Amino acid sequence: MRKNILDFSYEELVDEFSKIGLEKFRVDQVWDWIYKKHEFDFDKMTNLSKEHRNTLSERFYIYVPELLDIQISQIDKTTKFLWKLEDDNTIESVLLFHPDRITACISTQVGCPAKCAFCATGQSGFVRNLSAGEIVSQIIAMEKHRKVNIGNIVYMGMGEPLLNYKEVVKSVKMLNHKKGKNISMRRISISTVGIPEKIVELAQDLPEVKLAISLHAPNNYKRDIIVPMNKKYSVEEIIQSAKEYQKITKNRVTFEYILIREFNDFVDDAEKLAELLKGMGAYVNLIPVNPVPSSGELKFERPHHWAIERFKEVLDKHNIENEIRREKGTDIDAACGQLRRRYITNKK
Ligand code: SAH
């Protein structure tokens, strides 16, 4: 059976190629076509002989996700893609345009098992993990469609990266490989709901990759309400693992904190958060929630402007570095998982 060549790491492919009598530099050539020239048809790889191209087509194919829908923000060019995978499942990726670079936000799972109350992805359930090839191909598919060069990658799309650990680590190494996309580890971030043992493992496996933890509340009482996984991994365990991570990597950890009106936007919450992160040299991203329909009693509304500022001032006072994340793509289905959810709903 033919295999998707994108699921192979460079080293694995060197092995595979040697079995069919192709030297290592042939892998370099194929990776150059795929990752740099975005050519997904072996027959068009003109520096390979017809014979080699045939050999490759007999054993491999190149599956790049198919574009189902695209939304481009009129305000800031933020571009959201809905992709179809080989098994007809759908995932999203996003391009974010900054003055000096383009960041890609990619998915790691179809759906998500974490089921955070404010997140549209979890509400559609969990289907399966993505393969390393499916993770990596979001990058090259976006580059090909929009003719851009992606400089930064955040694993912050659909899914919980640390619950698909092996494929995520493999995909990072592939994107970092100098024969492929060649993105520096320091330009890659992984965002997690907070799985303590995996955070420590990540510090050992990918010490240069940046880590963001979706904290969203300063204590277990409040976090339990919006992040169901907190019942398994408490705030204290997560903070402890973040400290270990810092010790091993010397990296600063970013904490994401979604601000929800009259739920976690009070002065007292900010004081508790500052206390929790004291002495860590942490960085806090304050994110006014993207409104999503809520099924329970809690309404996910953005805090008043003054409440956001008030929260920030408390962190400033305690010397906790922070920023209020500027919103992007507010005119398109910006919140995580919304585009896919609408697509699934319409299909039903
Ligand atoms: N599972 C990982 C990565 C995916 S979520 C994680 O939890 O970090 C990526 C980020 O988007 C998280 O910080 C998540 O909390 C945030 N997010 C999800 N829904 C949101 C919403 N409605 N408004 C603002 N941020 C949201």
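This is a predicted model: local features need pLDDT of at least 70, side-chain atom pairs count only at pLDDT 80 or more; totals for chains, interfaces and linings use all residues.
View 1. On the side of domain 1 that touches domain 2, α1 (10-19) and α2 (24-36) are the elements that give two or more residues. α2 gives the most, with 6 residues. Helices here are DSSP runs (H or I, at least four residues), numbered from the N terminus.

**View 2. Salt bridges between the domains.** Domain 1 and domain 2 share 2 salt bridges. Each pairs a side-chain nitrogen of Lys or Arg with a carboxyl oxygen of Asp or Glu within 4 Å. E12 forms a salt bridge with K170; their closest N and O atoms are 2.8 Å apart.

View 3. An automatic or database assignment sets the bounds: domain 1 is 3-61 and domain 2 is 66-347. The contact (heavy atoms within 4.5 Å) takes 17 residues from domain 1 and 17 residues from domain 2. About 1400 Å² is buried between them, and carbon and sulfur atoms give 59% of that area. Buried area is the accessible area (1.4 Å probe) that two parts lose on being put together, summed over both. In domain 1, D7, Y35 and H38 lose the most area to domain 2, together 39% of what that side buries.

**Notes.** Residues are numbered from 1 along each chain as its sequence is written, and side-chain values use heavy atoms, without hydrogens and water. Local features need pLDDT of at least 70, and side-chain atom pairs count only at pLDDT 80 or more, while totals for chains, interfaces and linings use all residues.
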